[in-house]
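Subject: Structure handover

Hello,

Here is the structure you asked about. Please open it first, then read my notes below.

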Amino acid sequence: MNITKKAKSFDQLTAELLIVGVRRNSDQVKGWEQFVSFFGPSVEDWLKSGDIQTEQKKLTKLPVTTSNQNVKRVLFVGLGDQKTLTDKILRETFGLVGKELKKLKASNFAIWPESFTAAPIDENDIAFLSAEGIGMGYYTIPHYKTTSNEPDQYLESVEFVTNSDINEIVSSYQVGKVYADSVNEARSLVNQPPNILTAPVLADYAFELAKQYDFEVEILSKKELEELGMGGILSVNQGSSIEPRMITLKYKATDEWDQVIGLVGKGVTYDTGGYSIKPKTGMVGMKGDMGGAAAVLGAMKIIGELRPDQNVVAVIGATDNMISSDAMKPDDVITTFSGKTVEVLNSDAEGRLVLADAVTYAKQHGANYLIDVATLTGGVITALGFDKTGALTNNEGFFDAFIESSIETGEFVWGMPLTESDKKRIRKSDVADLNNSPGSDGHMIFGGGFVGEFVGNTPWIHLDIAGTSDAKSAHDLGPKGGTGVMVRTLATFIERFKDLQQERTSI
Ligand code: BES
Ligand code: ZN
Ligand code: ZN
């Protein structure tokens, strides 16, 4: 990857635009005097008068005339009171900077990392957070309009003003950019229309990813799923004219295939609800019902780029959920890949049927730990809204370690209780081992709890991203639409897992 140019001092910059953090109460960083002598004393007056805004997340762009002929503009970024600065606020602030850079069509710019620091957030952290935030903020949805489908300007050229080790700063920036690019790819998968992103097309994408990063890959066709007896995914696919796929990618970090983390994604490329059909208002947006698959593939892209010391198997069940005379009906009894039978009470509770087979298959491929990610229930939105991912687990130590990574990435995850009485209701059926829809009261737990019936004693986390995968409106880190939620948390967790295990005896 060819991203950066190096500049040590303001005089050496070749970029036209310089990005600088400013704080309230002239509480600026050590190097501020150097900046003022480069920029001119009027900057102090403009700070005092408020012409340069210092409140958090406020941007001010000013044309400049300096000793450096190249720098034409400075983008001042308000940081407010530095005591309140966090990674999350900085990442979001850089998201807004990314949006501004897009507006300005600025493809080459410089950052002064020191101006953004706030203990314990150092210049390397700022380089990472700026790449992540700017990269995500810069993103726009690929579209099919016949006019102005200009390709994105790409953020390839960045300079840094620093007295620290510039190579370290550049490499932190590169890692941040890998994170942002991977989130953006996941977003684009979610944003694809369902007539274009079908299960076979999603499988082709995964196959190309595997080739690019040297993953082992297996794509199972409908015939192969039938031979294996994967009645969960097949029953969901029954009403469709488009074939399903079970996608498996393996990243082998060690010679021994052990300590394997299994990432399992719901890849329902369109969810009509089947015969338990969704109302017309509830159906729009169901192209995003493969957000779990997108999260897993986005995380695998980061893993492919950064090659952590951790074995990973990714399994994605891909199909749409359609209606025809062949489609699954409420009252059907199906046999999953595990052998467990399920009474189908609601054909719209299809994700759990797909995940049942995918989880069983991940275990067969040696997963010692399981994390499933799915846009599984409207119930999670009722319970937690659109800004929190709901979770279940069968292993508190494993979950606590995961939460540590989610705090690092700023992606809110909230654990919900899965009790014995919930499990009893999932297991209640006169004709089968399980039912797929025990009721609407607290039904996020029934959705995830159903998947839990297939994990056995393997440490497991379920992530219901129905509320967080698709933003209803633009936000600091991106536009309306696919968010790529969980890409960064999954990848961070995988990168950190060996260390987290050592710190804790319980996983
Ligand atoms: N794909 C939906 C869940 C969903 C809802 C995702 C809203 C994104 C936004 C899922 O397959 C579904 O339809 N779940 C039902 C389950 C119910 C029938 C037991 C639900 O949550 O209403
Ligand atoms: Zn559904
Ligand atoms: Zn669904």
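Start at Gln-69. You will find Gln-69 in the loop between β2 (59–63) and β3 (73–80). Keep in mind that this is a predicted model. Is Gln-69 buried or exposed? Its relative accessible area is 65%. Exposed means over 50%, so Gln-69 counts as exposed. Now look across to Val-190. Gln-69 and Val-190 are 121 residues apart along the chain. Their C-alpha atoms are separated by 44 Å.

Next, the strands. Go to β7, which covers residues 245–251. How many of its residues are buried? The count is seven of seven, and the strand is mostly covered. Check both faces. On one side sit Arg-245, Ile-247, Leu-249 and Tyr-251, all buried.

β7 has two partners to look at here, β6 and β9. β6 spans residues 216–220 and pairs with β7 in the antiparallel sense, over five bridges. To see this pairing, find Leu-220, which stands opposite Met-246 in β7. β9 runs over residues 312–321. The pairing of β7 with β9 is also antiparallel, over seven bridges. Here, Leu-249 stands opposite Ala-314 in β9.

Now a helix. α15 takes in residues 443–452. Why is it described as largely enclosed by the rest of the structure? Because nine of its ten residues are buried. Among them are Met-444, Ile-445, Phe-446, Phe-450 and Val-451. Several glycines are on the buried list as well, including Gly-447, Gly-448, Gly-449 and Gly-452.

Last, the ligand. Where does ligand 1 sit? It sits in the largest pocket.

- Asp-271: a polar side-chain atom lies 2.9 Å from an oxygen atom of ligand 1.
- Asp-289: an N or O atom of the side chain is 2.9 Å from a nitrogen atom of ligand 1.
- Gly-378: a polar backbone atom is 2.5 Å from an oxygen atom of ligand 1.

How much of ligand 1 does the protein cover? On its own, ligand 1 has 520 Å² of accessible area, and the protein covers 81% of that.

Best wishes

Methods: Residues are numbered from 1 along each chain as its sequence is written. Chains are lettered from A and ligands numbered from 1 in the order in which they are written. This is a predicted model: local features need pLDDT of at least 70, side-chain atom pairs count only at pLDDT 80 or more; totals for chains, interfaces and linings use all residues. Side-chain values use heavy atoms; hydrogens and water are left out. Buried means under 20% relative accessible area, exposed over 50%, partly exposed in between (1.4 Å probe, protein chains only). Helices (H or I, at least four residues) and strands (E, at least two) are DSSP runs, numbered from the N terminus. Two strands pair if DSSP finds at least two bridges between them. A polar contact is a pair of N or O atoms within 3.5 Å; within protein, one must be able to donate a hydrogen and the other to accept it, and residues adjacent in sequence count only if both atoms are side-chain atoms. Accessible areas come from the Shrake-Rupley method with a 1.4 Å probe; for residues, only the protein chains shown count as cover. On a 1 Å grid over the protein atoms alone, a cavity is a set of points where a 1.4 Å probe fits but cannot get out, and a pocket is an open set with protein on both sides within 12 Å along at least five of seven lines; lining residues have an atom within 4 Å of a point. A molecule sits in a cavity or pocket if more than half of its atoms lie within 2 Å of its grid points.
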